[in-house]
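Me: I would like a close look at a single part of this model, followed by an account of its surroundings.

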Amino acid sequence: MGWNCKQACVLIASGLALLVATAGAADKSQESDRNEWRYYGGDPGGTKYSPLTQINRKNINKVRILWNRPSVDSKLTQEEPDLNPYGNLEATPLMVNGVLYAGDALGLVEALDPATGKTLWVQEPLVPGFRGLAGISTRGIAYWSEGSKRRIIAVRTDDLESLDADTGRLDPNFGNHGRVSLKYPGPSGPLPDGGLSGPIVVGDVIVVGGGRADDVSVRKGVASEDIRAFDVRTGAPRWTFHVLPRPGESGEETWEGGSAKLGGAMGAWAPLTADLELGYVYVPTGSPMASFYGGQRPGQNLFANSLICIDAKTGRRVWHYQLVHHDLWDYDVASPPVLGDITVQGKKIKAVMQPTKHGFLFVFNRVTGEPVWPIEERPVPASTAPGEKAWPTQPFPTKPAPFERLGVMTDDLIDFTPELRAEALKIAQSYLMGPLFTPPSVVAPNHTQGTLVLPGALGGASWTGGAFDPDTQMFYMPSHTHVYVKDLLRPPPYVDSLTMYAAGPPSMLEAAMEFTDIKDPTELLSRMAQQPDVANVYIAQGPDGLPLVKPPYARITAYDMRTGQTAWMVANGDGPRDHPRLRNLRLPPLGSSGRVAVLLTKTLLFVGEGSPLQASAPRGSGGKKFRAFDKATGKVVWETELPAGTTGAPMSYMYKGKQYIVVAVGDAKHPGEWVALGLP
Amino acid sequence: MFRRDFPAVIAVALTMASFSSVGLGDESIAQGKTDVWAGVYTKEQGERGHALYLEKCAKCHTESLTGQPPAPALRGTGFMLNWNGKSVRDLQSRIRSTMPADQPGSLTRPESFEVAAFLLSANGFPAGASELAGTPAQLSEILITDAPGRAH
């Protein structure tokens with residue numbers, strides 16, 4: 001199929017209809033109108049807070065689904081039967097000037113009627129035919145306007161795109177006929193070079209984080225996923241911040257022995273946030289290449305695993321703080337930094353609150369980078385892996401308390417019954433247990449099977465992030481709990497990766513051979529490569545498929561940011577309490593492990609359970625429930641069941657006198673869909 | 001010592017092989033529901049798919065189909081967890097609509113059949129006399145299942 005006349009006519013007609021619909025509606029300023037949802041996280045600071053009050057605690061029981069629809073316009077799927085949108089619709093729509101803009105499950109932007117969900121336009125693809133339509137969901141898009149010029153800025157595959165917000169057509173004055181290539185040099189990674197989380201517009205600058213690979217790969221020479229900025233009007237490059245310092249740049253000294261030349265990855269693949277008054281963008285960076293083994297990259301490895309404050313006009317680094325030194329656990333800083341003003345001991349502070357995969361909420365003055373509460377460098381375990389030199393200390397915030405269980409010790413194992421306790425202990429004893437930051441270890445016969453790592457690399461927190469209530473100064477953090485096994489036996493089947501391992505004394509392969517009867521390297525590699533199921537390898541299983549550690553397995557933690565104290569913590573979802581070995585115990589909710597995002601309104605906290613597609617652990621957990629919690633107590637005040645589990649962050653807006661809450665849902669058998677909730 | 005699931009998957013593969021049936025080809029598809037045990041692709045098609053897989057897919061899913069985060073495993077229990085109970089149409093159209101992740105939509109329709117054929121081959125489903133092809137409606141009638149005959 002090409003972008004044929006029929007479709008073009010539909011697009012033009014829809015565009016015209018929209019123009020008529022919005023004619024005379026003077027565009028509002030860049031100031032966020034809180035009846036709308038102008039940024040991925042609701043506002044530039046990513047609070048995920050809406051002050052709307054129509055849906056409230058008194059009437060919540062009347063809330064129902066007002067409309068729902070497949071995320072991909074049905075015309076596309078009817079005309080191209082091979083189009084099969086994936087269920088993992090991670091997007092959150094924007095609502096601006098009476099139009100809902102959303103990336104669909106193919107990554108195409110669609111404009112929808114906020115009251116009905118009906119398609120107003122589908123973006124013009126970059127290339128005609130099936131190729132132009134195929135793709136995957138992205139998380140966020142951005143809106144920008146100047147006078148009568150209104151643009152939707154999106155990242156799809158390896159391109160930054162600027163679309164006319166009235167028609168969905170590419171802006172011919174932006175880049176190369178509406179697009180700018182974001183391709184990094186060198187071979188591609190599994191994810192788009194511009195990442196999935198989307199751009200942010202700060203003033204007249206678009207900032208893109210990157211994150212092609214979230215690079216657990218050990219490919220040698222993988223690109224440095226630099227932070228890039230472009231002119232919002234023309235697409236011209238404005239600046240580039242090198243996450244991997246180049247020769248002579250600050251931070252190069254943290255790659256000992258010249259190891260920066262092996263570098264890369266470290267892209268910021270979570271959504272970015274910004275303070276428009278300061279003109280600063282807040283960038284959470286990922287792990288370096290070979291996230292589980294750093295023998296080839298001795299040193300702290302700046303600017304990996306850091307929160308970086310960058311002047312959006314110039315690209316100048318204002319301040320940074322590395323939250324994990326010399327990462328060995330794939331602890332990307334994977335959540336959007338949340339900006340909010342807090343008052344601590346009578347002092348008003350412009351704060352940035354950064355949740356992490358490893359269960360901490362780091363809080364800084366966002367102007368200066370000074371920690372609001374002291375962050376201590378504490379000694380952590382050394383590595384036993386050949387060639388590995390774990391960094392001797394790691395940053396621990398003294399406040400707030402962690403929102404996740406940290407590390408796996410005997411006391412952390414399940415104890416629902418004495419039998420389960422004994423079985424869990426037996427399983428755990430075949431691994432290396434230890435506190436947070438216990439490094440991955442070599443697996444071998446007559447040795448442990450690797451390190452139990454908690455929080456695992458899926459978080460803790462992830463791109464779904466936390467939420468901040470500017471009225472009450474409360475911070476709400478959803479997180480989930482799973483134990484990863486990190487072992488160092490299996491070199492991926494790349495020649496380059498073996499070169500990397502072999503380049504250090506001694507190589508991982510040699511180390512593995514020391515512990516096995518297989519002395520033929522080819523045979524050993526062949527055996528390693530035959531292991532079929534990465535998911536089972538990475539996530540530790542407890543007895544009979546139960547988790548290995550105590551509940552909750554998904555939780556919401558509320559912090560009072562005036563004091564740094566935990567206000568409450570509750571399990572989110574029933575979790576495995578109906579498991580055959582638990583159901584007679586009449587346990588309270590244990591938490592359904594899934595990746596979820598919170599929506600705050602004036603009176604309520606909304607959150608789903610997460611689709612099984614959303615990094616649930618064990619696989620298949622999560623659920624279809626969508627709940628409203630009392631913000632003050634954590635008590636569930638309402639719940640409903642959606643057509644599938646949530647896959648994206650919910651948002652809210654007011655349109656023609658009615659408040660809507662829209663959230664993406666989907667699963668393996670349910671293509672991505674928008675669900676709009678509200679009062680009848 | 002290797003991971004616990006290693007021998008289990010060999011066992012699964014052997015079990016699958018023992019249930020291999022004679023290829024039924026397009027005739028059975030035309031008659032209604034069938035499943036991937038009926039020999040719905042040819043050996044040559046699977047081999048062409050293997051070459052394509054190595055070129056387009058292996059850098060993320062690995063040459064041995066083990067996957068590496070975020071790319072899922074395409075063999076063994078990892079594959080069946082995602083695809084058991086779905087149709088070949090689901091598999092082929094998902095490949096064509098979303099993969100390769102860095103160039104989605106770049107496979108032609110015949111190429112997407114070849115890659116799907118290779119994945120069926122790699123998971124122990126038998127080859128048959130006719131190539132995998134057909135309309136989306138026909139492909140929807142071919143069930144991916146770990147239990148032969150469930151479609152009937």
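Which residues does B:Ala122 touch, not counting residues up to four places away in sequence?

Reply: The model is predicted: local features need pLDDT of at least 70, side-chain atom pairs count only at pLDDT 80 or more, and totals for chains, interfaces and linings use all residues. Residues are numbered from 1 along each chain as its sequence is written, while chains are lettered from A and ligands numbered from 1 in the order in which they are written.

B:Ala122 touches B:Leu65, B:Leu74 and B:Arg75, with residues up to four places away in sequence left out. Contact here requires the C-beta atoms of two residues, placed from the backbone, to lie within 7 Å. B:Ala122 and B:Leu74 are separated by 48 residues in sequence, yet their C-alpha atoms are 8.4 Å apart. B:Ala122 belongs to helix α7 of chain B, residues 109-122. Helices (H or I, at least four residues) and strands (E, at least two) are DSSP runs, numbered from the N terminus. B:Ala122 counts as buried because 20 other C-beta atoms lie within 10 Å. The term buried applies at 20 or more other C-beta atoms within 10 Å of a residue's own, exposed at 12 or fewer, and partly exposed in between, with C-beta atoms placed from the backbone.

The chain around this residue contains eight helices and two strands. From the N terminus on, the elements of chain B follow the order α-α-β-α-α-α-α-α-α-β. Of the 152 residues in chain B, 52% are buried. Among chain B contacts between residues at least 6 apart in sequence, 71% join residues at least 24 apart.

Two strands pair if DSSP finds at least two bridges between them. Strands β7 (residues 149-156) and β8 (residues 159-164) of chain A pair in the antiparallel sense over six bridges. A:Ile153 stands opposite A:Ser162 in β8(A).

Confidence also deserves attention. The average pLDDT of chain A, the predictor's confidence in each residue from 0 to 100, is 87, and 84% of the residues score at least 70. Over residues 1-32 of chain A the pLDDT is below 50, and this stretch has 42 contacts in the model beyond near neighbours in sequence. Where pLDDT is low, the predicted coordinates should not be read in detail.
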